[in-house]
Amino acid sequence: MNKTYITTAIPYVNGVPHIGHAMDYCLADVFARYHRLLGDEVRLQAGVDEHGNKIYQKSEELGLSVEDYVNGNTKKFKDFIAKLNISYTDFIRTTDSDHQRRCQEIWRRLADHIYKAKYEGWYCSGCERFITQKECDENGGICPDHQKPYEELEEENYYFRISDFKDRIREAIESEEMLILPEFRKKEMLKLLEDSPDVSISRSVEHLTWGVPVPGDETQVMYVWMDALSNYITVLGYPDEDIKDWWPAAAQFVGKDILRFHAIIWPAILLGLGLPLPRVILSHGFVLSNGQKMSKSIGNVVDPVEVIDKYGLNAFRYYFLRHIDTFVDSDFTWEKFESAYNNELANDLGNLVQRLATMAKKNGIKLEKQPTFEFDNKYKELMDKFEFSKAFDFVWEKVQSLNKRIDDEKPWILAKNGEKEKLEECLNGIIDDLLNTNYMLSPFIPDTTEKIFEVFDGEINPPSTPLFPKN
Ligand code: MSP
């Protein structure tokens, strides 16, 4: 059996889960479910990033102990992942003692590439990133993403010698040994790699104590990204356990803002440990609202929990996976969502199932055979290329063509004329195609497709309430 390992970015727990966080989870979940249908044994990791300045500062502001603060928020993220019906198999908290101990061992194993030096420069705790003088000048000293002045730092740190691995990383990206998707991001990363200096990978405890202690040096804790990136292998048990059945990952899902860490520091860590590089790093776009970044001050934040509570999880997943493009920024607005809900889910799919099942039941139609499920070549090709929103479009065209087929073949006329055999053949043919289409929909909207399979499972029983009730 093929073993497939898939990862998601672990969010900082400095707030409640927001709609953008759903992106990594949903995309990785589709890929995981698709691979299970292909017969693979799949491990899907999820988790939370609990260290760093940003979280520590937030807990202080709230007057809470940092431990209580992360415990409370981590629970909210876990609940959110469950609410999205993400089929994860492993959950990691970066405060887990196993994770911390394993990170320290990873540090020891990288010792040949680590040196001590003085850091004098800028830091953005919103980005949790060291900022070069050039970048600071370009942005006039203020982080464009967080609208906060960069902090000035002067401290003795440990550095990771990225330069030891640059050639190897470039070669891996160019040869697609480590495929970066989409293509335009791959080009960005190759450019960034050229200009990448060695990175500081620790913080002095004078400035930050909330992190994994650097082994053998009480005055330093690890830079949050060293600790966070390692999660992808510590969760598998590395280095205590042999991870070769699962590593390298088949695909790692991350947002465009954090691709740089995954395309440069992460492969350098893996190469330093003598481990293979992930096969694919997929960088998705951002969820926007009316073309703008969602922000509390603009007042355009869409709460995913509100959407799910009002319309159901599968309506949320539908919109998210079809109308939010896999690779580029896309809008989530109530208006667009509601139009997709009514015109597509309720009209195209909900009505199709209702219509077909009601007609079949009324005319005493029996299903001739169990359908044989298979993927259309085009669907498989798109899924294998991670073009999920396009694959979803492709399956939706099938849903629409089934509605058209009913209109064209007019089974109600066959029923009216008493042409039982023809009617049976016609409905059986359409139901068979519907179930195969349903199969291809199942990685995207698994609860809905399960209900549809139940409707046509032996006895045909039309849904007692519409699959997508109109509001
Ligand atoms: N803790 C780091 C990730 C460490 S992975 C080893 C982090 N956390 S985050 O909470 O800021 O972001 C978590 C994920 O959510 C990232 O993949 C990020 O790109 C994604 N998103 C955050 N806001 C987003 C949108 N508005 N839209 C889509 N995804 C976005 O970075």
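Salt bridges, taken as a side-chain nitrogen of Lys or Arg within 4 Å of a carboxyl oxygen of Asp or Glu, come to a count of 39 in this structure. The structure is a predicted model, in which local features need pLDDT of at least 70 and side-chain atom pairs count only at pLDDT 80 or more, while totals for chains, interfaces and linings use all residues. Residues are numbered from 1 along each chain as its sequence is written, and side-chain values use heavy atoms, with hydrogens and water left out.

One of these bridges joins Glu-105 to Arg-108, with the closest N and O atoms 2.9 Å apart. Both residues lie in helix H4 (residues 97–109), 3 residues apart, or about one turn of the helix; helices (H or I, at least four residues) and strands (E, at least two) are DSSP runs, numbered from the N terminus. Glu-105 is partly exposed at a relative accessible area of 24%, and Arg-108 is partly exposed at 46%, where buried means under 20% relative accessible area, exposed over 50% and partly exposed in between (1.4 Å probe, protein chains only).

Asp-217 sits in the loop between strand S9 (202–204) and strand S10 (220–222), whereas Lys-116 belongs to strand S4 (residues 114–124), 101 residues apart. Asp-217 is buried, with a relative accessible area of 10%, while Lys-116 counts as partly exposed at 42%. Salt bridges that share partners also join Asp-98, Arg-101, Arg-102 and Asp-240 into one network.

Turning to the aromatic rings, a search of the whole structure finds 38 pairs; rings of Phe, Tyr and Trp (its six-membered ring) pair if their centres lie within 6.5 Å, and planes under 30 degrees apart count as stacked, over 60 as edge-to-face and the rest as tilted. The rings of Phe-316 and Phe-332 have centres 6.1 Å apart and planes at 40°, so this pair is tilted. Phe-316 lies in helix H11 (residues 313–323) and Phe-332 in the loop between strand S14 (330–331) and helix H12 (334–362), so the pair ties together parts that are 16 residues apart in sequence. Both Phe-316 and Phe-332 are buried.

Phe-373 and Tyr-439, by contrast, form a stacked pair, at 4.6 Å centre to centre and 10° between the planes. Phe-373 is in the loop between H12 and helix H13 (377–384) and Tyr-439 in helix H16 (residues 420–441), 66 residues apart.
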